[in-house]
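Dear colleague,

Please find the structure below, followed by a summary of what was computed from it.

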There are 2 protein chains.
Amino acid sequence: MNQIDTHDNYEIVAMELAALERWCQGDPSGFLEISAPDVVYFDPFLERRLDGLAALTRYYEGLRGKVDAPRHEMVAPLVQRIGDTAVLSFNFNSWGGNEDEYRWHCTEVYRRSGETWRIAHTHWSLVQPDGA
Amino acid sequence: MNQIDTHDNYEIVAMELAALERWCQGDPSGFLEISAPDVVYFDPFLERRLDGLAALTRYYEGLRGKVDAPRHEMVAPLVQRIGDTAVLSFNFNSWGGNEDEYRWHCTEVYRRSGETWRIAHTHWSLVQPDGA
């Protein structure tokens with residue numbers, strides 16, 4: 001298991017946290033700026049995968065200003081390195097303005113090009129331990 | 001976008017389909033046989049990520065014989081290649097014995113070692129277009 005024990009891995013977690021911080025204030029640009037042109041994207045509210053940054057941008061621009069989750073936490077981040085690929089996975093808990101709790105699983109596949117890491121694949125999902 | 005246009009990519013989709021075929025008959029061994037020792041795993045019924053093949057084996061053995069989904073389909077598979085990494089993503093629709101429909105998103109990160117591909121990361125989730 002590749003725990004978080006290298007400079008690159010810390011850098012990736014830091015990139016993700018910075019983008020999440022903006023996301024939770026309603027600003028999707030943090031993720032858009034670090035996603036690759038060929039990014040593909042899943043979240044539970046989409047019937048199908050989004051393919052490509054243009055599609056993700058259209059979707060995220062529709063959500064701009066609508067997320068407000070000042071309280072949130074990344075839990076148990078893990079980075080699996082395979083050459084120029086870093087697979088970051090974590091649990092994410094967030095609370096809306098009325099303290100509704102959302103519990104997420106997240107997978108982010110980062111790809112290195114030169115000195116730059118970009119997200120090539122995103123998968124967000126909701127935890128449903130009751131099978132709901 | 002890396003569409004499915006190489007021998008390796010066809011091989012990966014074929015591996016996944018073969019494992020799914022067994023899974024839908026209640027046999028988890030198809031996935032266990034092609035998962036790496038350091039595989040990590042998310043599905044919506046688990047609060048937390050499972051880390052490692054031993055943990056996944058314990059979980060899957062508890063489900064042996066309990067899945068019966070003769071009707072199922074993989075939709076829109078896409079393989080993103082990054083060196084020795086292949087990120088396979090697809091929608092998956094399955095129907096239980098009483099025709100209950102389940103709609104899934106799936107991400108599988110395959111890692112090549114020599115001539116062998118193994119799953120290093122699995123993320124299954126349920127589509128919830130109504131935000132339920």
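For the charges, Lys and Arg count as positive and Asp and Glu as negative, while His and the chain ends are not counted; the place of a charge is NZ of Lys, CZ of Arg, CG of Asp or CD of Glu. On that basis, chain A carries 12 positive and 21 negative charges, whose mean positions are 6 Å apart.

This is a predicted model, in which local features need pLDDT of at least 70, side-chain atom pairs count only at pLDDT 80 or more, and totals for chains, interfaces and linings use all residues. Residues are numbered from 1 along each chain as its sequence is written, chains are lettered from A and ligands numbered from 1 in the order in which they are written, and side-chain values use heavy atoms, without hydrogens and water.

Chain A contains three helices and six strands (DSSP runs of H or I, at least four residues, and of E, at least two, numbered from the N terminus). Their order along the sequence is α-α-β-β-α-β-β-β-β. Of the 132 residues of chain A, 55% are buried, that is, under 20% relative accessible area with a 1.4 Å probe, protein chains only. The C-alpha trace of chain A spans about 40 × 30 × 25 Å along its principal axes.

Chain A is superposed on chain B by a rotation of 180 degrees with 0.0 Å of shift along the axis, at an RMSD of 0.0 Å (least squares on C-alpha atoms of residues with pLDDT of at least 70 in both). The two copies are thus related as by a two-fold rotation axis. In chain A, the residue closest to this axis is S125(A), with its C-alpha at 2.9 Å.

Kind regards

Key. Buried < 20%, exposed > 50% of the residue type's maximum accessible area, 1.4 Å probe, protein only.
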